[in-house]
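Take a moment with the sequence and the fold before reading on.

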Amino acid sequence: MSSTVREDAGPGFDEVYRRHFQPLVVQLYTFVGDLGEAQDLVQEAFSRAWPRWHRISRYDDPVGWVRRVAWNAAASRWRRLRTARLFQQRQRLESVDGPGPDRVALAAALRALPADQRRAVVLFYIAELSVNEIAEDCGVAPGTVKSWLHRARTTLAARLDEHDPQRRDGGRPGTSHAARRTVD
């Protein structure tokens, strides 16, 4: 995210909101795993941008500013709610039917990743940001992002292989567009 200010007025708030609200929700949903929470986080970020839009709209990447605020809000909420969620999970006595085994395996594999690696995976595969864009957004070197992505892919492949009998038996499942995408 660049906070360099341009001289022109930049894009209008309504236009940016209309074009980027849903893609940002998808990114945050993939990261936090709760659609309502993801929508709240993105809405909060846009709410913070609104009173400052005359300045933010002139940034080189106003959407990057909104994304950063949403990610920061997610991290803050996660820290505050972590203890309560862990307690609640330990107290749960009844079993509830959940999503299918593939989705459960993917969600578990993503949750097992360190937050930096999970964020890099979401921004690279879901938001389709480049390594350099992710590095700028996270405030790290591009090599660090490449390392995060490599480690995340290795961990995800190993964890998903554990849950896929076809792969364990030597079969080769089809690959999706996201799985074929490579680092810059």
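This is a predicted model: local features need pLDDT of at least 70, side-chain atom pairs count only at pLDDT 80 or more; totals for chains, interfaces and linings use all residues.

Residues are numbered from 1 along each chain as its sequence is written, and side-chain values use heavy atoms, with hydrogens and water left out.

What secondary structure does the protein chain have? It has ten helices and zero strands. Helices and strands here are DSSP runs, numbered from the N terminus; a helix is H or I with at least four residues, a strand is E with at least two. Of the 184 residues, 33% are buried. Buried means under 20% relative accessible area, exposed means over 50%, and partly exposed lies in between (1.4 Å probe, protein chains only). Contact means heavy atoms within 4.5 Å. Among contacts between residues at least 6 apart in sequence, 67% join residues at least 24 apart.

Now look inside. The largest nonpolar core has 44 residues. Such a core is a set of buried Ala, Val, Leu, Ile, Met, Phe, Trp, Tyr and Cys residues joined through side-chain atoms within 4.5 Å. Leu-28, Phe-46, Val-66 and Val-121 have the most contacts inside this core. H1, H2, H3, H4, H5 (101–112), H6, H7 and H8 (142–163) each supply at least two of its residues. H4 gives the largest share, eight residues. In soluble globular proteins, nonpolar side chains tend to be buried together. Val-121 shows some of the links: leaving aside neighbours within four places in sequence, Val-121 is in contact with Leu-110, Leu-113, Ile-126, Leu-149, Ala-152 and Leu-156.

Next, follow H4. Helix H4 covers residues 62–91, 30 residues in total. From first C-alpha to last, H4 reaches 43 Å, close to the 44 Å expected at 1.5 Å a residue. That expected span is 1.5 Å times one less than the number of residues. Where does H4 bend by about 45°? The bend is at Leu-81. It is the angle between axes fitted to the seven residues ending there and the seven starting there. The buried residues of H4 include Trp-65, Val-66, Trp-71 and Arg-77. Their cover includes H1 (13–32), H2 (35–49), H3 (53–56), H6 (115–126) and H7 (131–138).

H2 has 15 residues and reaches 21 Å, close to the 21 Å expected. Asp-34 caps its N-terminal end, with a side-chain oxygen 3.1 Å from the backbone nitrogen of Gly-36. Among the buried residues of H2 are Leu-41, Val-42 and Phe-46. H1, H3 and H4 are among what covers them.

Not counting residues up to four places away in sequence, Glu-37 touches Val-32, Arg-77 and Arg-85.

Gln-27 sits in helix H1. Gln-27 counts as buried because its relative accessibility is 5%. Leaving aside neighbours within four places in sequence, its contacts include Arg-67, Trp-71 and Ile-126.

Finish at the loop between H2 and H3, where Arg-52 is found. Arg-52 counts as partly exposed because its relative accessibility is 35%. A polar atom of the Arg-52 side chain lies 2.4 Å from the backbone oxygen of Arg-48.

Conventions: A polar contact is a pair of N or O atoms within 3.5 Å; within protein, one must be able to donate a hydrogen and the other to accept it, and residues adjacent in sequence count only if both atoms are side-chain atoms.
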